Amino acid sequence: MKVPQIHWPHFHIHFHDRPLAGEPHPERPFHWRLYFCEMVATAVLMLIGLACVILLSAPKTWLGDRLAPHPALQAALCGLCFGLAGTTAAMTPFGKVSGAHLNPSVTLAFMLSKKIVWIDALGYVISQVIGAVLGTAIVYGIGYLLSSWKVDALAVHYGATVPYTGISVWFALGSEMLVTGLLIVTLYWLAAHPHHKWITPWIGGVFFFVMNPLTAWISGNSANFARSFGPDLFAGNWNGLWIYLLGPFIGSSLAVLALKADILGKIHLMEARLVNFGHYGRVPHMDDPHFVHAAPEYYEEYRQHLEMTEAMQKGKNAVEEKPDT
């Protein structure tokens with residue numbers, strides 16, 4: 001019987017260590033490679049996304065000046081570009097290894113769905129916040145090389161999301177809850193359907209292209225605490241940051257409750273990934289992130305196949321080493 005190919009050197013870990021699809025192996029509670037890759041992928045998201053927002057919305061940039069009379073189009077393009085920045089981050093080797101959550105709200109949803117344990121979820125969230133700070137720091141640092149960039153970045157608070165002051169802050173909180181909830185449901189639905197999985201890392205751009213003209217004026221449509229924290233840190237703007245912590249987390253939790261109640265039909269997600277599916281929770285290697293590991297139903301066949309192959313190899317070696325008489 002032919003079974004899928006296995007990655008020999010890491011046989012034990014691939015079979016038993018499933019940090020993105022359930023309980024990890026008790027001997028490996030931490031997964032530093034995942035956390036590091038998530039940090040780098042989030043930094044890529046912030047670097048590209050914030051740069052696009054500055055170019056599209058700063059008053060003195062070429063694009064910002066021409067889009068200013070068309071605020072709905074400007075908001076839509078900011079959403080599209082930031083979403084595609086997430087796609088770019090997901091398509092890097094780092095995003096493919098970590099699964100490209102890029103957002104504490106997404107990680108929380110996976111944890112509540114029991115696809116990732118709390119200790120790994122915490123590692124992801126910390127990595128996302130650090131990555132957001134690093135990505136924003138690069139955007140900030142460019143201002144020391146280009147004075148015009150510093151002026152443009154300061155004009156839009158380094159791309160920070162700011163609640164609209166003309167209405168109650170509760171509207172901003174509600175907006176973040178709604179947008180995050182819709183985002184989580186969309187990602188889950190796509191990731192859970194085999195024929196639509198490939199769209200999942202691309203959907204962010206489309207989602208925010210549609211949502212930004214409708215609700216971005218209320219809260220900025222962050223839906224991501226790390227995304228808001230990075231720019232706020234460098235802009236020194238802490239007013240309303242609590243909205244981008246509570247709103248997305250509440251929205252994500254409510255979305256998971258709705259999914260568990262089968263309000264949108266039975267949606268079964270196999271693993272805590274938004275890209276590079278098929279690893280069944282096991283951690284890909286940076287040198288070959290596309291390597292697909294064995295599905296659980298092949299465990300016994302794999303074990304028998306490897307034992308038989310190993311025995312044959314030992315027998316062959318014994319014959320070769322036997323001295324001539």
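Modeller: A residue is called buried here if its relative accessible area is under 20%, exposed if that area is over 50%, and partly exposed in between. The model we are discussing is a predicted one.

Biologist: With that in hand, which residues of α11 are buried?
Modeller: Helix α11 spans residues 225-235, and the helix is mostly covered, with eight of its eleven residues buried. The cover over these buried residues includes α2, α4 (71-91), α6 (104-112), α7 and α12. The buried residues themselves are F225, A226, R227, S228, F229, G230, P231 and D232.

Biologist: Of the contacts between residues at least 6 apart in sequence, what percentage join residues at least 24 apart?
Modeller: The protein has 325 residues, of which 50% count as buried, and it exposes about 16000 Å², with carbon and sulfur atoms supplying 69% of that area. For contacts between residues at least 6 apart in sequence, the share that joins residues at least 24 apart is 74%.

Biologist: What kind of pair do the rings of F225 and F229 form?
Modeller: Both residues lie in helix α11, four residues apart, which is about one turn of the helix, and F225 counts as buried at 14% relative accessibility. In an α-helix, residues three or four places apart point the same way. The ring centres are 5.8 Å apart and the planes are at 35 degrees, so the pair is tilted.

Biologist: Which residues form one aromatic cluster?
Modeller: The structure holds 13 aromatic pairs by the ring-centre rule. One cluster of rings is made up of F30, W32, Y35 and Y124.

Biologist: The charged end of which residue sits over the ring of Y144?
Modeller: To count, the charged atom has to be within 6 Å of the ring centre and within 35 degrees of the ring normal. A charged end lies 5.1 Å from the centre of the Y144 ring, and this charged end belongs to K150.

Biologist: Where do the buried residues of α8 pack?
Modeller: In α8 (residues 147-155), W149, D152 and A153 are buried. They cover an arc of only 100 degrees around the axis, and therefore lie on the same side of α8. The helices that these buried residues pack against are α2 (32-57) and α7 (118-145).

Biologist: What phi does H157 take?
Modeller: H157 is in the loop between α8 and α9 (169-192), and is partly exposed, with a relative accessible area of 39%. Most residues other than glycine have a negative phi. H157, which is not a glycine, has a positive phi near 55 degrees.

Biologist: Is N221 buried or exposed?
Modeller: N221 lies in the loop between α10 (203-219) and α11, and it too is a non-glycine residue with a positive phi, about 55 degrees. Its relative accessibility is 5%, so N221 counts as buried.

Biologist: Which residues is F249 in contact with, leaving aside its neighbours within four places in sequence?
Modeller: F249 lies in helix α12 (residues 243-260) and counts as partly exposed at 25% relative accessibility. F249 and P104 are 145 residues apart in sequence, yet 7.9 Å apart in space from C-alpha to C-alpha. With the sequence neighbours within four places set aside, F249 is in contact with P104, S105 and L108.

Biologist: How many disulfides does a search of the whole structure find?
Modeller: The cut-off for a disulfide is 2.5 Å between the sulfur atoms. The sulfur of C52 is 4.5 Å from its closest cysteine sulfur, in C81, which is too far for a bond, while that of C78, a residue buried at 11% relative accessible area, has its nearest cysteine sulfur, that of C81, 7.1 Å away. Over the whole structure, the number of disulfides found is zero.

How values were computed: Residues are numbered from 1 along each chain as its sequence is written. This is a predicted model: local features need pLDDT of at least 70, side-chain atom pairs count only at pLDDT 80 or more; totals for chains, interfaces and linings use all residues. Side-chain values use heavy atoms; hydrogens and water are left out. Rings of Phe, Tyr and Trp (its six-membered ring) pair if their centres lie within 6.5 Å; planes under 30 degrees apart count as stacked, over 60 as edge-to-face and the rest as tilted. Helices (H or I, at least four residues) and strands (E, at least two) are DSSP runs, numbered from the N terminus. Buried means under 20% relative accessible area, exposed over 50%, partly exposed in between (1.4 Å probe, protein chains only). Contact means heavy atoms within 4.5 Å. Accessible areas come from the Shrake-Rupley method with a 1.4 Å probe; for residues, only the protein chains shown count as cover. The arc is that of the directions from the helix axis to the C-beta atoms.
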